[in-house]
Amino acid sequence: MKYSESLTREDKVDMLYKMMLIRGFEEKVEELFSLNLIHGSTHLYIGQEATAVGACRALNKDDYITSTHRGHGHCIAKGGDVKYMMAELLGRKTGYCKGKGGSMHIADMDIGILGANGVVGGGIPIATGAGLSIKMRGTKQVVICFFGDGAANQGSFHESLNLASIWDLPVIYIIENNLYGMSMGVNRAVKVERLADRAKAYNIPGIVMDGNDVIEVYDTVSGAVEKVRNGGGPILIESLTYRWRGHSRSDARAYRTREEEAEWRSKCPIRRFSEKLMSEGLLTEEGFKELEKRVEDDLNNAVEFAKASPFPDPEDLLTDVYA
Amino acid sequence: MREITFAEAIREAMSEEMRKDPTVFVMGEDIGVYGGAFGVTRGMLAEFGPERVKDTPISEAAIVGSAAGAAVTGMRPIAELMYVDFATIGMDQLVNQAAKIRYMFGGKAKVPMVLRAPCGAGRGNAAQHSQSLEAFFVHVPGLKVVMPSTPYDAKGLLKSSIRDDNPVVFLEHKMLYNFKGPVPEEEYTIPLGVADIKREGRDVTVIATSMIVHKALNAAAELEKEGISVEVIDPRTLKPLDVDTLVRSVKKTKHVIVAHEAVKTNGFGAEVVAVLVENAFDYLDAPIIRVTAPDTPVPYSRPLEDDFIPQERDIISAIKEIL
């Protein structure tokens, strides 16, 4: 039996809602960025929503994730509150990190989000250490370590997967292969056909999944979670997906064609899933519109909350350096 | 009081903390059956077993990063690097991850880990196995840096470092490992951030670290015969630095020599000089002189290595120059 068969209608609608919330959040971030309310840089997750939502749905609240510079989606999918995320992006004191971290460092230790990460591949050893900690403490938690195809070429990837494999650590490494590092195509950056093939180097399972199909992601990751939770050791999953936007705001996307982008837009994970739910009679047009309205309201509330929140005080600069 | 070696003192500190606290463990290259490259963990595997005395592959980024990941999720790892020179390979995990997690996350996480590493020249290990890199670490907000010179200090400071809720870099001069000194049987700790006056004097203050403390003490004994009274201060903790003790001494002696084995430019001594200029300028009767290694890699040949390392005669001539 597939794991997804035990998902209720409510579960599925909530998964759709989360995907829409991620998309809406990122679009709101773009808007606020152009209004200069957000500074620094942003790396948007639009197009990849099914991977974060499908994977995190397979986790418990006390399971861990590590994320990346493109981390808003993972945070929302793991249960992060868009109010505190938006406040963080606006640099406010009420944000997840009191305005000290920003887009690339959002963390929520209470729900197992061990942080987005500004360094490509930087979170992979940390996820591995969390796995070690779980094993030593004897809990039944698991870790999902999200990273991109670019990070798969960092030394930290090899060191960590090797360590996790020899110690049988409860970590699921998910490569979100969105086809590009910043601009360098994965086909130019690696010689192997599939990044999941690298699992062979560690004698661990390597699985490829359609990262734009939330149900396939949920089924694949649920299977991995069950194995890993029961002491089966680490698993590498390659999630095939696509980054709709450029790497960051300043990216003119000269390295890829508009045709390629259009082709991937036709595989939109949100449209695929909403149409599937409608065809299965689990969602109506009205129901979909209600979800859209809910997303809009939630994000408007988040932006209102953030805007109404104070900036950090000057003395906050000097706190939280040491425990 | 009984006398034990510097290495034994470090082993006792780790073992005592591991007996008391099940979350403390040690990991690193060849620390198990082999007992560590310098024998510091010898015998610990037999007492604590392979789960708490963990041999790792030769993977510094994974060692440092997984220690950080274990620390943020409830453990208190002690990670051993075989040589501090290899910290460069794990530097992203130390500098960009471990040191910054607390601040980036707005104070919502702590990273209670110790990174132990042998440093220093004197064994003919040449340029990649003999450096004193403490200034790297002192420069990074979020890290604490400890550099003891005696078995007594090493034990007391390491126990405090293990109990500290921050990442602590603990630097052990490899020529000190067999150095014996009095260490009480009974439990004690030494707080981080407190300097020690190793010898009281009236005429000149020598602020020295690690191995050079002993050379300064020898120099002081030599100069006493000539009627020159030398005060020797060991900061012990480079960060946080006990500025008050240094300033008090300078107010008394009005003459300062700063001595360390690291190379001169931007070495830790530069920071000490700056702090004294800021806090005790009016009390100085002469320019401060730094006695350090020259700005070169560590050479191999024995006579060259001896020339590289600051010696008693260098300290003596510097003192005579400013008195």
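Visitor: How many residues of chain B are in contact with chain A?

Guide: Two residues are in contact if their C-beta atoms, placed from the backbone, lie within 7 Å. By that rule, 35 residues of chain B are in contact with 34 residues of chain A. This is a predicted model, where local features need pLDDT of at least 70, side-chain atom pairs count only at pLDDT 80 or more, and totals for chains, interfaces and linings use all residues. Residues are numbered from 1 along each chain as its sequence is written, while chains are lettered from A and ligands numbered from 1 in the order in which they are written.

Visitor: Which element gives the most to the side of chain B that touches chain A?

Guide: α3(B) does, with 9 residues. Helices (H or I, at least four residues) and strands (E, at least two) are DSSP runs, numbered from the N terminus.

Visitor: What makes chain A agree with a compact globule?

Guide: The radius of gyration is taken over C-alpha atoms, and the globule rule is 2.2 Å times the number of residues to the power 0.38. For 323 residues the rule gives a value near 20 Å, and chain A has 19 Å, so the two agree. The C-alpha trace of chain A spans about 55 × 50 × 40 Å along its principal axes.

Visitor: How many helices and strands are in chain A?

Guide: Chain A has 11 helices and 5 strands.

Visitor: Where do the domains of chain B lie?

Guide: The bounds come from an automatic or database domain assignment, which gives domain 1 (3–182) and domain 2 (196–322) of chain B. Their C-alpha centres lie 26 Å apart.
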